[in-house]
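Please keep the sequence and the model in view while reading.

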Amino acid sequence: MRILAIETSCDETAAAVMERTDTSPWVKTITSVVASQAKLHEKYGGVYPEVASREHIRKILPVIAEALDLPLHERGRLPNFSAAGIDYLAVTVGPGLIGSLLVGTQTIASLGYATGLPILPVNHLAGHIYASFIATESVLTAPDFPLLSLVVSGGHTMLIYMKGHHQYELIGQTRDDAAGEAFDKVAKLLGLGYPGGPLVSQLARKGNRHAYKFPIGLEHEDTCDFSFSGLKTAVLREVQKAGALSEQGKADIAASFERAAIEALLLKTSRALQSRPVRHFILGGGVAANNYLRERLATLLAHKTPAVTLHVPPSHLCTDNAEVIGAAAAFSNLVPIAPSELKTYARYPLTS
Ligand code: KG4
Ligand code: ZN
């Protein structure tokens, strides 16, 4: 079965062709194209929604054409989907920026009307989990159930328990800012640019992780929930207090912030692992590209729960792309939705 998937929920315009044979525990990438808008949004220090929608409109058809490997002279007309072996269309319907999502859903609706291909709606957060079901050369074991997943992105921080495909139990989430949002805000405070996560992380490598004692959100509360707003405010206070910061001073703040943010993620992950029987653990979302988190989580699981298999996708599958949307669709019940029924959702909780 082959799926053409597209993703436009935020500031990446992406399309991918994914393949799964019936009983395979994996899904395979045939082609994948991501057009990032990061450069366009840099000057605003974050995603500018109106600019994002307009750019998706400019990019979506060329990106799909490239994912379908169409020769240039065929790119002006409706692609021959049967020649490409496509059986389904899949699209992110939420959560995300409505204007951005609409470009994806309307494009897929038009393709659905024109070709009669069935359409599978996909939750973006499911995509971050299903990144770990994409076959890569370096991974030998596919995830299995029951599993626990930590999804850490620009808009979400969640611990999700799954007993089967697309069966979601939310066991913890952020009460205020998302982890990625905290990285982006600290990057702004330190004058580092956008997207902030990778820049803070890069700078943190040169700093002292114990230079500042920043708070670990909800450290003493008996919950699997997260909170990052206190940490962000504590960083703001230190930056204001310091005045003009040296490069080393900035690096120390970045390193101490990163440590506190990751400690919070590990603390609540640890608690969640104790609360349910777990065989596999999946890390997903943009912040999963963070090397310090990847290393610390691997160490935590190796020490505390050695029987649990950890799955961490390669970095390019942690940040937004369409492969993961196709992967989530491939493991769904394949019940299509009529083009006229496609809706978009700014908020879209994971439901079974
Ligand atoms: O999943 P994603 O690409 O988009 C959303 O669904 O939100 O996540 C983007 C977030 C941004 O906040 C970005 O700063 C963060 O992921 N991020 C990182 C790293 N790479 C991306 N945060 C920390 N360390 C990184 N290496
Ligand atoms: Zn995402």
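In which helix is Leu102 found? Leu102 belongs to helix α3, which comprises residues 98–115; helices (H or I, at least four residues) and strands (E, at least two) are DSSP runs, numbered from the N terminus. The model is a predicted one, in which local features need pLDDT of at least 70 and side-chain atom pairs count only at pLDDT 80 or more, whereas totals for chains, interfaces and linings use all residues. Residues are numbered from 1 along each chain as its sequence is written, chains are lettered from A and ligands numbered from 1 in the order in which they are written, and side-chain values use heavy atoms, with hydrogens and water left out.

Leu102 is partly exposed because its relative accessible area is 36%; buried means under 20% relative accessible area, exposed over 50%, and partly exposed in between (1.4 Å probe, protein chains only). Ala187 lies 85 residues from Leu102 along the chain, and their C-alpha atoms are separated by 30 Å.

The chain as a whole contains eleven helices and ten strands. Its C-alpha trace spans about 60 × 45 × 35 Å along the principal axes. A compact globule of 352 residues would have a radius of gyration near 20 Å, and the chain agrees with this at 20 Å; the radius is taken over C-alpha atoms, and the globule rule is 2.2 Å times the number of residues to the power 0.38. Of the 352 residues, 53% count as buried. Among contacts (heavy atoms within 4.5 Å) with a separation of 6 or more, 74% are between residues 24 or more positions apart. The chain exposes about 15500 Å², of which carbon and sulfur atoms supply 52%; the areas come from the Shrake-Rupley method with a 1.4 Å probe, and for residues only the protein chains shown count as cover.

The interior can be described through its nonpolar cores, a core being a set of buried Ala, Val, Leu, Ile, Met, Phe, Trp, Tyr and Cys residues joined through side-chain atoms within 4.5 Å. The largest has 50 residues, and Leu148, Phe214, Phe228 and Phe257 have the most contacts inside it. Several elements each supply at least two residues of this core, including β6 (147–152), α5 (179–189), α7 (229–242) and α8 (247–275). Helix α8 gives the largest share, 13 residues. Which residues does Phe214 touch, not counting those up to four places away in sequence? They are Leu231, Ala234, Val235, Glu238, Ile253, Ser256, Phe257 and Ala260. A second, separate core of 35 residues includes Ile3, Ala16, Met162 and Val324.

Some backbone features remain to be noted. Most residues other than glycine have a negative phi, and most peptide bonds are trans.

Asp69, in the loop between α2 (49–67) and β4, has a positive phi near 60 degrees. Is Asp69 buried or exposed? Asp69 counts as exposed because its relative accessibility is 61%. Leu334, in the segment after α11 (323–330), has a positive phi near 60 degrees. Leu334 is partly exposed, with a relative accessible area of 24%.
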